[in-house]
Each structure stands twice: as structure tokens, then as C-alpha cells.
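This report describes the helix packing and the sheets of one model. Please read it beside the sequence and the coordinates.

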Amino acid sequence: MSEMAEPGLVQPTEKPPAATLGAIGWLRANLFNSVPNTLLTLVALYLIVVLVPPFLRWALVDSDWTAASGKECRTAAGACWAFIGEWYRFILFGRFPYAEQWRPLLVIVVFLAMFLASCDRRLWGRSLIVIWLGGGALALTLMFGGVFGMPYVETALWNGLPLTLILAVFGMLFAFPLAILLALGRRSHMPAVHSLSVAYIELIRGVPLITILFMASVMLPLFLPSGTTIDKLLRAQIAIILFGAAYLAEIIRGGLQAIPKGQYEAADSLGLSYARKMRLVILPQALTTVIPPLVNTFIGTFKDTSLVIIIGLFDLLGTANSSLTDANWRGFYWEAYLFVGLIYWCFCFFMSKYSQYLERDLNKARRR
Amino acid sequence: MTSTATADRAETGKPMIELRAVHKWYGEFHVLKDISLQVGRGERVVVCGPSGSGKSTMIRCINRLEEHQKGQIIVDGIELTSDVKNIEAIRREVGMVFQQFNLFPHLTVLENLTLAPIWVRKMPKKEAEEAAMVYLERVKIPEQAGKYPGQLSGGQQQRVAIARSLCMKPQIMLFDEPTSALDPEMIKEVLDVMVGLAQDGMTMICVTHEMGFARTVADSMIFMDRGEIVEVATPQEFFANPKSERTKLFLSQILAH
């Protein structure tokens, strides 16, 4: 063979070295490309080998799915999924009257439908507000009953997943507009509005949610004239709204600050009023830039609703806890918490994934 | 048709814009010193001067993006005070084009153009879109209507910004260094649009260093330095025969090459 390619002849294309291709190439590039990385890979492999097979054996191989009682179930070496089979309805719906449990089930479906509808950007705007208010009203009607032949159910019996969803959904639904007002208030040039917003935000942010829940449940009744009572669930709901609003307000303020001054000036010079300038020009941009922290707070609020357990409301975690106290089925902590944890995780993971998609999608069109 | 009231108010002969002994301070710093100025209907005024001379601040006072602290500013018969009604009324009649374009990045070009006509002028959406397309034709980029500002070149963005202002059918256009942020090859396309506007009889105040443009369209030149109006003259006089030493120095610096 000649050293140089013949003039007019194309050199045959060569394959890259085998070590940079395929599975081996990928392993070398990603897992073993440096000494620390190689060590980390080995440690991770070791942990996987040590932890995963025993877990799988516990959860699947040795598990008992059919036991009729807790006593029988305890003889199994692995997980007692029969416990979940026996108790899932109680964990999901708690003490809601058994025959009426189709109502909270339907509420869950309504909320899921609302979430799905919210993902469709074509519905954003007025129709989405209608969907949320309508869905919320429908959910409350189903829970309360007292109309259309559905027996009335008091809020103390609203337990489990529907309660968690109600606290979270209404919490965010009402906290969000309040947060926008607070954020705009904090950036206002009017001293009274500004100071009130700052005072509110700093006061609420400086106090743990648990304290606010306690105050709402224990202290508030002391200040009310005797005879008046406010529903305990409503008090907790208001506490969650007020708490969430302070955090959301600070996030939205960050978004507002990221908008260049020129955007305000352009809107002003076109003669847009303050309200229209904010609604049409500033907020759409500000809110888009803060989607990741907003969703972070939504996820946090969703999980924080489990704190209502300390004022005696039985949300999803609360019903799981009480199912564990049954004399016959006592002590299946792992199973109960895994089950509940999985439900929380599904909702949070969905929110997180959707926000990532949304961020990509919104940025695609607007920036090069 | 949309503004019979303003047409009645501004009889011919009365100035469209009048500044009477206007002063402004940024803290202790005296940015505008005793500025008096009259701009008639259809008059084209070019304002130049070294950076920091207060020229941008002056035209930004005319639509109240900056607040003056002393003196009077009267636009189309309405005096600018802290009355929000007056401010919004004046802003509807005064278009402004910025150095940094300031298009709304979350809206398409067409939506940028129709936003204010729909929400401020209460124009039906379809009518606003038709009008917007006429202006996009005029600035020669109708094919970009569906794109977002971030997908356009600087020159195209500035032309969209001009069209956006024109959609409000303003009586007066203010230009705040409209070509200073553009690459050299894009300056001409923007200036061409501005020359076209001037020929149609728009009342214009332009802060710019484009002296060729000033020669072509200006009825009068204003030279500002350190917050004062140093010289007002016709372009012929201004370039051939500047009176003040400061004007001479400035002209020698910008016309040196």
C-alpha cells in the first residue's frame, strides 16, 4: 500500500477505535473516566448489591399478599401486602361513611382531571380559572353532600387522600393570587402598601407552619366571641393559604426583579395602565422565569399539608398512622409508609416532570 | 377619528410640545437646567450632544418616563402633572422608540403590535391585526409577524418597535438613540423607516448621532451639553456655522472621520 492516497481516489473511511464505541465506550466515558469517578462507581455498585436484592426479596419473594389476619401475616419473612389489601380503603378515605366512599373517590378523579386539564396550554387563561373554580366547587359539593340525595358528611370525616388534595389544591389556588398581590405590594412605591406587604411576608416566613396551625386551631377560638365556631378544617386551610402566600410572594418578587426596566418603560410609553402592564407584560414574563422555584414550593406545600395531623385532622399520613393502631393488624409500618410514600411521590414527581417540560417549552419559542 | 378631543385642542399654530423652564435633579445632580423648547405640529427636531448631557432625560420627561421637578411640560394642550389620567392620555398620543428596542419577548411580533391598540384603544382584535399588518408592510417585515422578537435581527426588532408605536396612531414620536445598539449594516434600514415617517409629516423628536439623517430630515437641531440647551439652529446653520464653542468642539469630534 502506498503512503499517500492515490489522486482521485477517496480514502476508505475507517471505524473509530473499538474502545470509544458501544457499551464499553459508554462505560469508559461515564463511569470510569477518572480515579474518583471509578471509586464512586465501585462504591455505588457495592451498595446496590448489598441493598437491592434483600429489599426485593422482602418486597416480592418473601411477601404475603393473601393473609387473612395480621397474625398469619406476621409469619411471613417478607412484606405483608395483605395489610394494604385490607386497609387501603381506610388509608385513602379514612372514616368517610363507607357506603358513600364513591364520593371522595370521585373527588380524587376530579382533581386529577383538573391537573391534566391544566397541562393543556390552550386552556390557559380564563378557561383555566373556570376549570379550577368549577372543579373546586364540584369537589366540595361531593364531599359535603346534603344535595342531590347525597347525605351530609361533616368535615371531621373528610380524611385521607381527598383531604390532602383539598388542603393542597385550595391552598395553592388561593395562595397564588394573594402572593402576586403581596409581591407587587412589596415592590410598590406607596409606603403603606410596601410596609404592610413586607411586614406580612417577614412575619409569616419567620414562623414555622406548625406554629401557625397551632395558633389557628388553639388560639384563634379564644379570640372569637363565645358561641362562634369556625370549622377546624377551614382554619387549617386558611393557615396553609396564608403561609404559602408568603413564600410564593418572595419567589414572584424575584421574578419581577429579573424583568428589565425597559419592559416597564415600553409598556408605560404605550399608555397601558398599571394593572394591564402587570397582567399583560410583566407577570407573564416574571412567572415564567420562576417556574422551577414555584413548583418547588408547590411540592413543599403538598407535603407540608401532612402537618395538619398535629391539630387532629386525618390526612393521608394521618389515616395511615391510625390504620397501624388496629389491634389485629398492629405494626406494619414499612408497608403503610411505603404505600403512602408512593402516593405522595407520584403527585410530586408528576409536578416536577411537568414543570421541566413547561420550562423547556416556554423557553423554546421565546429565546433563541 | 379616535381622538377628536385632542384634534380640537391642538389648533394649528399652537405648539404640539412645549417645555417651559424645566428643571430636573437626580438627587443632588442637576440633569436638566432651565430647558425651554417648543415643537410645532409636523416639526422634526434632532437632539444631539455628548453622553450625559441630558438629551435622553429630556425626551423621557415628555412622556413622563422621568419626572421633572420644576417648570411646565405641555403636550398637545395637556399639562403633565402627577395626575395619572393626564399621563395616560399623553402616553396614548406619544410613541417612543428605545435604544434597546424593548419589545415584549413573550409575545409574537403581531401580538406586540396589537397589545396596546386592543387594550388601550379598545380596538377589536381583527381590526387591530389588520392595522398591524399595514404597519409591518410599511417597515418592510410583514413576513415576520408570527415570529418572536428573539428570532429577529436587531434592525428587524427596531423596525418592529417603530411599528408597535405607530399602531397607536400617535401624534408625536420620540426616538431615544434608536440606532445606537445596532450593528452598522442594520442602521440604514431603520433610518430609512424614520425618513419615511418624517416625510409623512409626523411630529418627531430624535436623540441621535446620525448626522446624515439629521441633515436630511431635521427642521431644527438642538445641541445639549451638561443639562442645558446650548444651541438651536436649522441644520444648514448648525453644521456650517455653529455659534457656540461647545458645539464646534462636539461637531469636530463626531465629524472628524
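How many bridges join strand β3 of chain B to strand β8 of chain B, and do these strands run parallel or antiparallel? Four bridges join β3 (residues 44-48) to β8 (residues 203-207) of chain B, and the two strands run parallel.

## Basis of the model

This is a predicted model, in which local features need pLDDT of at least 70, side-chain atom pairs count only at pLDDT 80 or more, and totals for chains, interfaces and linings use all residues. Residues are numbered from 1 along each chain as its sequence is written, chains are lettered from A and ligands numbered from 1 in the order in which they are written, and side-chain values use heavy atoms, with hydrogens and water left out.

Chain A has a mean pLDDT (the predictor's confidence in each residue, from 0 to 100) of 84, and 95% of its residues reach 70 or more. Helices (H or I, at least four residues) and strands (E, at least two) are DSSP runs, numbered from the N terminus.

## The six-stranded sheet of chain B

Strands β3 and β8 belong to an open sheet of six strands in chain B, ordered β6-β7-β8-β3-β9-β10, with mixed pairing. Two strands pair if DSSP finds at least two bridges between them. The edge strands are β6 (94-97) and β10 (228-233) of chain B, each of which pairs on one side only. From one strand to the next, the twist averages 20 degrees.

Helix α2 (residues 55-62) of chain B lies across β3, β6, β7 (172-176), β8 and β9 (220-225) of chain B, and runs at about 150 degrees to β7(B). Helix α6 (residues 154-166) of chain B also packs on the sheet, where it touches β6 and β7 of chain B; the direction of α6 makes about 170 degrees with that of β6(B). Contact means heavy atoms within 4.5 Å.

## The four-stranded sheet of chain B

A second open sheet has four strands in the order β2-β1-β4-β5 (chain B), with antiparallel pairing. Strands β2 and β5 (78-79) of chain B stand at the edges with a single partner strand each, so one side of each lacks a neighbour in the sheet. Helix α2(B) packs on this sheet, touching β1, β2 and β4 of chain B, at about 120 degrees to the direction of β1(B).

Strands β1 (residues 17-26) and β2 (residues 29-39) of chain B pair over seven bridges, and Val22(B) has Ile35(B) as its bridge partner in β2(B). The two strands form a hairpin with two residues between them, and Gly27(B) in the turn has a positive phi of about 60 degrees. Five bridges join β1(B) to β4 (residues 70-75) of chain B, with Lys70(B) as the bridge partner of His23(B).

## Helix packing in chain A

The axes of α9 (residues 209-223) and α10 (residues 232-257) of chain A come within 9 Å and cross at roughly 140 degrees. Axes are lines fitted to C-alpha atoms, for helices over the stretch in contact, and angles run from 0 to 180 degrees between N-to-C directions. The contact includes Leu213(A) of α9(A) and Phe243(A) of α10(A).

Helices α7 (residues 160-186) and α13 (residues 291-304) of chain A likewise have axes that come within 9 Å and cross at roughly 140 degrees. Among the residues in contact are Met172(A) of α7(A) and Phe298(A) of α13(A).
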